[in-house]
Amino acid sequence: MKHGFIKLALCTPPLTLGAPDKNAKEIMRCVKEAQKKKAELAVFGRLSLTGSSLGSMARYNQLLSGAKNALNDLVAFSKTVKTAFIVGVPINAGGAVVSCAAVISDGDLIALVGESSGTAVLGNKPYTLCPDAVLHTKNGYKLSVVFEEDFDKPIPAAQRLVCGGADLIINLASSAALIDSFESRISKIKAVTDRLSCAYAYVSTGAGEAVSDNVYSGDKIAAELGAIVASFDGDSEEILYAEIDVDAVRCEKVYKGMSDDGACIEGHTCVYPLSLKDSGAELTRAINRLPFVPQGAEFDRVFDIMGRGIYTRMREAGASKLILGLSGGLDSTILLLACDRMFTKYGLRNKDIIAVMMPADASSARTKNNAAKLIQLFGVTGMEIPIQDIITLHLKRIDHSDTHDVVYENAQARERTQILLDLANKYNALMLGTGDLSETALGWSTFGGDQLAQYNPNSSLAKTLIRAMTRNYCLTTKNAEIARVLNDVLATPVSPELLPNQDTEVSVGPYELHDFFLYNLIGKGFSVTKVYALACRAFFDYAKKDIIKYLRIFITRFFTNQFKRNSACDGIQLSEFDLTHKIIHSEFNAEQFLTEVELIEKELTAKK
């Protein structure tokens, strides 16, 4: 697949215990089916060639010889298919029977990864059964194999292998089906991939295994970076397909500075080349359209984190009150909601929240009315200070024309900030900023104006997250009037209201797209081409020409406005993919990014 994805087929065909020849035919059938679905790699469970519930029969030469012959048949078969595959097989290694993973591709037995160390000879060729094998693909990704419930071990083999460079862990298992065992495996695999920053594919044998003591699960689970990509409980579905984003794993490891040279593995490490052919499969997995919005809708947690930050800074600053500009727009509204919740939690008086309305000529009656109603409904102290006359006088004093240009716009933003800071001094209040993460990324703020504050709790809130939090508040509040006003705030076009009928998303593009670009391009470090491809899948309702147009706008504005972020005030980190700890100098040139945009634009033009 393109853009760093690998399509896996996790296979649990019905096996016949102790009949490797029959099982080999079932494996071939599944690999052929996986090839039809354009999977690059098919994975089978532990001892899938013979069955894992062999008991004492596992040591009989008749079985081991049959398994070796069936393995040779699979190697010969691999010449006829493009899909590489990994099967479990018992191998006689100097008198000891070792459970191995046979890695097969292009008519070759690439490697025998053993559950324990040893050596074996197959077809006059010696093999080292190396538990620490690392398989290198041509596109730079690395795979390793572990066995059984590796994630239950105090120090999982996966940990050692990831430290040695593995990006994707293949887990061949033969696990019992117990009450809640599937959910437990899901939880543990998510935790392992999150902690180790890796991808994971788990396959357990199932149908055909002995049921004398337990039923074998046939579970299939694929995960990456703490999230489940695909999963199936049981063996009723023979093949589960999973599109693993190994590139995302690589980017995460680079971001965290994780070693990739194998130095963390003690002892001997076997390195094998594995050819995974690009199947040309189109990406089908769902792409999160709103990556900054928590999947678990943990909006109360977000409010609590904001509240704790505000309360702590307020007390450390010795402030007795809070002050913010309330425009009736989304950003200032969400901050008012956070302050209200914080004051309720800590037993403070809402009258010590000062919400200041500062209308000018471009301020709409709609936003002014909503701001006034919010002040009344939440019982905070409201102030209205019109600024139009001040702006007119100021522009006259600097001999500026009456043109509604950038000077006119920025003068309003700076005047509002000056008023808030002066009032903060007057009332011993902490002046809070309302600029959100999306605006900060785009530089959609006035330097020395709304870019300034004494503390900005909104600094990690993306616009899409603010919308989701406000919508959730509407659905959960018991106050119907508050819900009505908030719904109208949500329905109001986003605008700084510095010019008549100004609409931010008309000027710079949809925030849902810009948030997507910010999260994936800057937060996760994906290439421009990959971000564009993911956006085309996530935003299928947008024309491709518009997606690339807005991506160009994002890249240009993001790097051009870095100087504003470099002098921003303190804020609160909410996501590891926001801008809190990004060190980017103002002189950084975006040419490398924009060159890739141009290539995509040329390709789109050529297709017309």
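# A Tour of Pockets, a Cavity and Cysteines

Begin by selecting C339, which counts as buried, at 0% relative accessibility. The model on display is a predicted one.

Next, select C100, another buried residue, with a relative accessible area of 0%. How many disulfides does the structure contain? The count comes to zero. For C100, the nearest cysteine sulfur belongs to C130 and is 11 Å away, and C100 takes part in no disulfide. A disulfide requires two cysteine sulfur atoms within 2.5 Å.

**The largest pocket**

Proceed now to N288, P291, Q295, Y519 and F577. Of the 40 residues that line the largest pocket, these lie closest to its centre. The space in this pocket amounts to about 1,300 Å³. To see which elements contribute, colour helices α4 (181–196), α5 (246–256), α6 (299–316) and α15 (511–523), together with strand β13 (227–232); each gives two or more residues to the lining. Colouring the lining of the largest pocket by class will show 21 nonpolar, nine polar and 10 charged residues.

**The second largest pocket**

Select R416, D450, S495, P496 and L498 next. These residues lie nearest the centre of the second largest pocket, which has 49 lining residues. Its volume is about 1,000 Å³. The elements that supply two or more residues to this lining are α7 (330–345), β17 (353–357), α8 (365–378), α10 (406–427) and α18 (562–566). Which element provides the largest share of the lining of the second largest pocket? Helix α10 does, with seven residues. By class, the lining of this second pocket comprises 20 nonpolar, 19 polar and 10 charged residues.

**The cavity**

A search of the whole structure finds one cavity of 30 Å³ or more. To locate the largest cavity, select T12, P13, L15, S48 and T205, the closest to its centre among 13 lining residues. The volume of the largest cavity is about 80 Å³. Then highlight helix α1 (residues 20–36), which gives the most to the lining of the largest cavity, with three residues. Colouring the lining of the largest cavity by class gives six nonpolar residues, six polar residues and one charged residue.

Key: Residues are numbered from 1 along each chain as its sequence is written. This is a predicted model: local features need pLDDT of at least 70, side-chain atom pairs count only at pLDDT 80 or more; totals for chains, interfaces and linings use all residues. Side-chain values use heavy atoms; hydrogens and water are left out. On a 1 Å grid over the protein atoms alone, a cavity is a set of points where a 1.4 Å probe fits but cannot get out, and a pocket is an open set with protein on both sides within 12 Å along at least five of seven lines; lining residues have an atom within 4 Å of a point. Grid points are joined across faces, edges and corners, and a volume is the space filled by probe spheres set on the points. Helices (H or I, at least four residues) and strands (E, at least two) are DSSP runs, numbered from the N terminus. Ala, Val, Leu, Ile, Met, Phe, Trp, Tyr, Cys and Pro count as nonpolar, Asp, Glu, Lys and Arg as charged, and the others, Gly among them, as polar. Buried means under 20% relative accessible area, exposed over 50%, partly exposed in between (1.4 Å probe, protein chains only).
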